[in-house]
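Biologist: Hey, could you walk me through this one? I'm new to it.

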Amino acid sequence: MNDSTVLWYKQPAENWDEALPIGNGRLGAMVFGGVHKERYQLNEDSVWSGGPRQRNNKSAIKNLDRVRTLIKEEKIPQAEKLILKAFCGTPVNQRHYMPLGDLEIEQSFEPDEEVRDYVRALDVENAVLSVSFKIGDIEYKRECIASYPDEVMAVKYCASKGESVNLRINIDGRDDYFDDNSPVSEDMILYRGGSGGEDGINFASVIKVIPSGGSVHSIGSSLVAQGCDEVVVLICAQTSYRYPDYREKAFFDIENLVGKSFERIKKDHIADYRRYYDRMSLTLNGNSSESLPTDKRLERVRQKGKADNKLFELYLNFGRYLMISGSRKGSLPLNLQGIWNKDMWPAWGSRFTININTQMNYWPAEVCNLSELHTPLFDLIEKMRPNGRLTAREMYNCGGFVAHHNTDLWGDTAPQDLWLPATSWPMGAAWLCLHIWEHYKFTQDKEFLDKKYDTLKEAAEFFVDYLIENDDGKLVTCPSTSPENTYITRSGTKGSVCIGPSMDSQILYELFTAVIEAGKILGRGEVFGKKLCEMRSLLPAPEIGKYGQIKEWAEDYDEEEPGHRHISQLFALYPADMISVRKTPELAKAARATILRRLSHGGGHTGWSRAWITNMWARLFDGEKVYENLVALLSYSTNPNMFDSHPPFQIDGNFGGAAAIVEALVQSENDELILLPARPEEWHEGEVKGVLARGGFEVSFKFCGDSVSAEIISKAGNVLKIAAPESARIETSLGAEVKEYTDKAFVIMTEKGARVKIKY
Ligand code: FUC
């Protein structure tokens with residue numbers, strides 16, 4: 001087995017955290033690999049509870065001034081009491097995600113003897129899952145794929161001896177939320193139901209069984225395939241979220257495949273998948289030599305506190321696999337569990353939590369050369385806009401659009417939960433919109449930026465009205481929180497709701513900058529740009545507090561939980577670039593102190609928190625800490641199926657971790673390309689291919705220690721600034737020319753398509 005592209009196991013999954021995911025962006029399944037009973041735990045991305053609704057709390061507007069006064073006077077308990085009543089959503093909760101159902105395929109064997117040579121494997125290079133074993137003298141094999149071009153999940157059962165595939169196929173598993181699971185013909189089941197609520201989402205899934213040799217018939221709610229050489233099972237599903245005639249569409253998806261063989265579906269699927277997967281790669285020195293199954297390799301990391309380098313490659317490749325399998329043009333963005341959720345009431349509703357988690361899901365999208373897979377997030381932002389406009393007006397009497405710390409598939413923007421450390425935080429849309437700007441920075445796609453300019457602008461417009469002046473004449477948010485921490489005032493009062501938490505000012509600095517810069521690039525919104533420039537100069541800048549840390553709140557309060565999983569005040573370090581070792585060394589030192597303080601109080605205990613910290617260490621150029629934290633991520637926050645664990649499973653850490661591996665090797669913030677910024681000692685040799693950098697560059701390089709041999713392709717014709725020793729040898733193709741060496745970096749003019757080779 002290839003130890004950097006295959007997850008594999010010698011036994012079936014005993015529980016969900018051992019099962020393996022497949023997906024095509026919209027349809028997802030967890031595959032358990034049971035010998036006698038195989039379970040495909042199914043998801044469709046738009047199966048959520050209920051329908052769209054407005055939950056804006058109309059009492060907010062009347063109480064806004066009062067709440068602000070109470071917060072200013074440090075009457076926090078009174079302010080928070082009022083917030084719980086007047087500023088929560090009505091009703092309190094947004095819609096939540098749900099599973100589609102459970103497809104079970106029982107397989108019977110004759111003779112039914114001992115199972116030998118069992119292997120279950122997920123090949124992330126081809127996106128093919130397989131299960132194989134021997135019983136008696138027959139070898140059985142299953143292959144399972146989720147195809148984007150054919151909108152289908154397909155499973156093939158075969159055996160080394162003819163007429164030996166015998167199956168019973170059945171779908172069920174959503175309590176009484178489904179209405180029917182009956183065969184509609186001798187080879188097809190229609191499984192349908194709804195997720196509740198007046199305008200709730202209805203779904204239909206069609207399962208078709210295609211035998212080769214042998215026969216298929218229906219009995220009760222099952223289909224039975226007997227004495228077959230081979231059986232292919234096709235699974236399609238659609239919902240009323242996308243199609244009023246979702247049932248017809250599900251049948252259409254199946255009928256569309258009549259005459260198309262499994263091999264052909266698989267071939268098209270692999271070709272489609274590899275269009276994305278093959279764009280980048282990472283190879284590190286060493287191999288794991290002994291061929292150990294993935295669960296054992298993870299166990300070994302836990303025991304030894306060290307990982308084989310191929311496991312880091314696998315972690316990155318698995319992250320890219322999850323992105324290609326869970327976020328495609330037309331799909332919803334990856335929620336807290338991507339499209340792999342087993343619970344009717346999943347943790348945190350498996351929503352889009354937008355005070356870090358959804359954003360983290362997309363951290364690797366651009367660097368890993370998967371820019372198009374970022375688009376479902378932009379589509380969701382557009383869905384949020386009209387709702388967010390109403391929320392801004394109805395709750396705060398403000399223009400623009402606003403969202404709080406969660407959203408759902410309808411783009412709900414009203415506050416979520418009755419939980420003070422999180423609920424009253426108006427920054428969700430602002431942060432999400434920074435992804436639009438990031439996408440532009442990487443792709444330099446001006447047409448995209450032009451289309452999205454109004455969205456960026458509208459996110460900023462909210463704050464033109466919402467910000468208030470504090471006692472120092474600075475512009476700050478209020479009410480807000482520093483997600484999701486609690487402070488202690490000098491008098492000993494605890495509170496979460498506050499005025500001007502550091503993260504908010506940082507997000508706003510970045511958002512205003514994005515709007516100003518985008519306006520300049522597009523020649524639009526000059527007057528508004530000027531206004532934002534003035535406002536930006538009045539935002540509080542990051543400050544250093546009494547522990548040498550970056551202050552989390554405007555006051556230098558102590559935290560109730562100094563080891564809190566959120567490190568919101570370091571947004572400026574990562575994902576933003578306001579704090580950097582090269583640009584702001586003092587603040588970088590304080591950022592370091594902030595992380596160390598969190599960690600010394602038990603921080604980093606959730607997978608996503610660990611992943612965020614790892615990215616921050618990369619930005620602080622600390623390879624040793626990157627390594628230490630990646631090992632901790634693999635040791636304590638990674639399930640046997642390599643899914644990230646909060647616990648429970650939450651997919652953000654997979655993406656944050658993947659992003660961190662790349663961040664250790666290539667960085668491009670502050671208009672400067674840096675290779676090997678935080679290379680762990682253990683990664684002493686390797687090759688990176690096809691990583692994207694801001695400014696529109698594609699970067700590939702080999703390294704040995706700190707020696708680098710790189711080739712950079714200019715895709716947009718921008719100036720390339722690359723940090724390197726002055727002694728570096730540079731070769732440029734036609735259209736590229738070294739202009740100067742300044743600030744320990746080469747400045748190279750490039751035209752579109754030009755190539756630059758650099759060696760040092
Ligand atoms: C935030 C985090 C939690 C969890 C939840 C989905 O509230 O603080 O740890 O990740 O989102």
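This is a predicted model: local features need pLDDT of at least 70, side-chain atom pairs count only at pLDDT 80 or more; totals for chains, interfaces and linings use all residues.

Biologist: Let's do sheets. What is the strand order in the open sheet of seven strands?

Modeller: The order is 2-3-4-5-10-15-14, with antiparallel pairing. Two strands pair if DSSP finds at least two bridges between them. Strand 2 (20–23) and strand 14 (215–219) are at the edges with a single partner strand each, so one side of each is left without a neighbour in the sheet. From one strand to the next, the twist averages 20°. For that angle, axes are lines fitted to C-alpha atoms (for helices, over the stretch in contact), and angles run from 0 to 180 degrees between N-to-C directions.

Biologist: Which residues stand opposite each other there?

Modeller: Let me go pair by pair. Strand 4 (residues 37–44) runs antiparallel to strand 5 and is joined to it by six bridges, with tyrosine 40 opposite leucine 103 in strand 5. Seven bridges then join strand 5 to strand 10 (residues 165–172), again antiparallel, and here isoleucine 105 stands opposite isoleucine 169. Strand 14 has five bridges to strand 15 (residues 222–228), where serine 218 stands opposite leucine 223.

Biologist: What holds paired strands together in general?

Modeller: Strands of a sheet pair through backbone hydrogen bonds, either parallel or antiparallel.

Biologist: Which strands make up the open sheet of nine?

Modeller: Those run in the order 1-6-7-8-9-16-13-12-11, with antiparallel pairing. Strand 1 (6–9) and strand 11 are the edges, each with a single partner strand, so one side of each is left without a neighbour in the sheet. Neighbouring strands are turned by 15° against each other on average, direction ignored.

Biologist: How many bridges join strand 8 to strand 9?

Modeller: Eight bridges link strand 8 (residues 138–147) and strand 9 (residues 152–159), which run antiparallel. Lysine 141 has cysteine 158 in strand 9 as its bridge partner. Over at strand 11 (residues 178–185), six bridges pair it with strand 12 (residues 188–194) in the antiparallel sense. A hairpin of two residues connects strand 11 to strand 12, and asparagine 181 stands opposite tyrosine 191.

Biologist: Changing topic. Which residues are around the ligand?

Modeller: They are Leu336, Trp348, Thr353, Asn357, Glu484, Arg565, His566, Trp608, His646 and Gln650. A residue counts if one of its heavy atoms lies within 4 Å. By class, the shell has three nonpolar, five polar and two charged residues. In this scheme Ala, Val, Leu, Ile, Met, Phe, Trp, Tyr, Cys and Pro are nonpolar, Asp, Glu, Lys and Arg are charged, and the others, Gly among them, are polar.

Biologist: Which side chains have polar atoms by the ligand's oxygens?

Modeller: Asparagine 357 has a side-chain N or O atom 3.1 Å from a ligand oxygen. For tryptophan 608 the distance is 3.0 Å, and for glutamine 650 it is 2.9 Å. Taken alone the ligand exposes 290 Å², and the protein buries 97% of that; the areas come from the Shrake-Rupley method with a 1.4 Å probe, and for residues only the protein chains shown count as cover.

Biologist: What about the backbone at glutamate 484?

Modeller: A cis peptide bond joins proline 483 to glutamate 484, with omega about -20°. Glutamate 484 is in the loop between strand 21 (475–476) and strand 22 (487–488). Tryptophan 348, also listed around the ligand, has a positive phi of about 50° although it is not a glycine.

Note on methods:
Residues are numbered from 1 along each chain as its sequence is written. Side-chain values use heavy atoms; hydrogens and water are left out. Helices (H or I, at least four residues) and strands (E, at least two) are DSSP runs, numbered from the N terminus. A polar contact is a pair of N or O atoms within 3.5 Å; within protein, one must be able to donate a hydrogen and the other to accept it, and residues adjacent in sequence count only if both atoms are side-chain atoms.
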